[in-house]
Amino acid sequence: MKCKTCRVFEITLQTTMTDLESSLATIMEVFHRYTEKEGDKHKLKKSELKDMINEELPALTGQVKDQATMDSLMESLDTDGDSELDFQEFMTFITMVTVCCHDFGEHHEDE
């Protein structure tokens with residue numbers, strides 16, 4: 001099921017979405033799919049972030065099992081200190097992962 005924002009995004013366009021528009025809608029949909037599991041429906045708890053990483057990014061990150069790693073990641077992303085990630089903080093994470101993947105690809109392009 002698509003999140004309300006994604007449905008509005010698609011209806012507003014009333015055309016076939018481009019790859020980038022579809023990717024943006026998917027990012028929003030994934031965020032809301034995990035925020036709706038518990039607590040505030042507009043923020044990710046640490047457990048929801050861990051589930052999202054393990055289920056949505058397994059090829060890139062493997063399984064995150066170390067609690068210290070999750071604590072450190074959450075602390076670095078949670079800029080307002082409320083122990084949850086709002087969408088902007090989540091997008092910082094998505095940007096970091098995307099840049100790392102891009103840089104890795106650039107460095108291993110000629111191998």
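Asp82 and Lys43 pair up through their side chains in a salt bridge, with N and O 2.5 Å apart (the term covers a side-chain nitrogen of Lys or Arg within 4 Å of a carboxyl oxygen of Asp or Glu). The two sit 39 residues apart, with Asp82 in the loop between α5 and α6 and Lys43 in the loop between α2 and α3; helices here are DSSP runs of H or I with at least four residues, numbered from the N terminus. Asp82 is partly exposed at 27% relative accessible area, a label for values between buried (under 20%) and exposed (over 50%), using a 1.4 Å probe and protein chains only.

The model is predicted, so local features need pLDDT of at least 70 and side-chain atom pairs pLDDT 80 or more, while totals for chains, interfaces and linings use all residues. Residues are numbered from 1 along each chain as its sequence is written, and side-chain values use heavy atoms, leaving out hydrogens and water.

The whole structure has 6 salt bridges. One of them joins Asp71 and Lys46, again at 2.5 Å from N to O. Since Asp71 belongs to helix α5 and Lys46 to helix α3, this pair ties together parts 25 residues apart in sequence. Glu29, Arg33 and Glu56, meanwhile, form a salt-bridge network.

Asp78 is another story: it is buried but has no salt bridge, and the nearest oppositely charged side chain, Lys43, is 7.2 Å away. (Lys and Arg count as positive, Asp and Glu as negative; His and chain ends are not counted.) A polar atom of the Asp78 side chain does lie 2.6 Å from the backbone nitrogen of Ser83.

Conventions:
A polar contact is a pair of N or O atoms within 3.5 Å; within protein, one must be able to donate a hydrogen and the other to accept it, and residues adjacent in sequence count only if both atoms are side-chain atoms.
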